[in-house]
Amino acid sequence: MAAADAAQALRGRHGAGPLVLVCDTVGRTGLRLALRAGAVVLRAADLTEESLAAAVRRAAHPHPSIPYPDLSHLLAGGPGPGDPADGGGRPVLTARQTSVLRLMAEGHGNADIALLLRCSEHTVKNVIYEIMARLQARNRAHAVAHAVRHGLV
């Protein structure tokens, strides 16, 4: 099934067999509904031949697994970027996430960011992972581009 928003496509659906849902927006609500319906959700931005094949394999399994980024997104506190609870506005970042994102936009690597913010490189990596999940970004460049478009940096 293809849809613009995972939550809207899955609302009211109750496990009618394996389902792979390809959609533009995947928020925490959509992920929860997919889990309840036994569906596997794939963001259109992440759609490749390999990712689609993996999603079909996961959906065919009697107990579909949840990829780590999706599980992390579900377990993170606060509303997700695609959830209706955040009003569909620009994503909210913590002060630390904003600082790291600003330094990423300036072209600094993880080691430089750690030195500038006086924290460990491991902490920087964790913050970048949180930024990527919150912005639903594929890589650093995508995260920076998203931040610039939405006025976050």
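I counted the secondary structure first: the protein chain of this predicted model has eight helices and three strands. Reading from the N terminus, I noted the order β-α-β-α-β-α-α-α-α-α-α.

I then looked up how the strands pair. Strand 1 (residues 2–5) and strand 2 run parallel and are joined by three bridges. For Ala2, I found Val22 in strand 2 as the bridge partner. Strand 2 also runs parallel to strand 3 (residues 39–43), with five bridges between them. Within that pairing I noted Cys23 opposite Arg43 of strand 3. I traced the link from strand 2 to strand 3 through helix 2 (residues 28–37) and recorded a right-handed β-α-β crossover.

I checked cover on strand 2 (residues 19–25) next. Five of its seven residues are buried, and I wrote the strand down as mostly covered.

For the chain as a whole, I noted that 37% of the 153 residues are buried.

My last entry concerns His142, which I located in helix 8 (residues 140–149). Is His142 buried or exposed? Its relative accessibility is 18%, so I logged His142 as buried, the cut-off being under 20%. Leaving out residues up to four places away in sequence, I found that His142 touches Gln136 and Ala137.

Note on methods:
Residues numbered from 1 in each chain as written. Predicted model: local features only at pLDDT ≥ 70, side-chain atom pairs only at ≥ 80, totals over all residues. Heavy atoms only, no water. Helix = DSSP H or I, 4+ residues; strand = E, 2+ residues; numbered from the N terminus. Buried < 20%, exposed > 50% of the residue type's maximum accessible area, 1.4 Å probe, protein only. Contact = heavy atoms within 4.5 Å. Pairing = 2+ DSSP bridges. Right-handed = clockwise from strand over helix to strand, strands pointing away.
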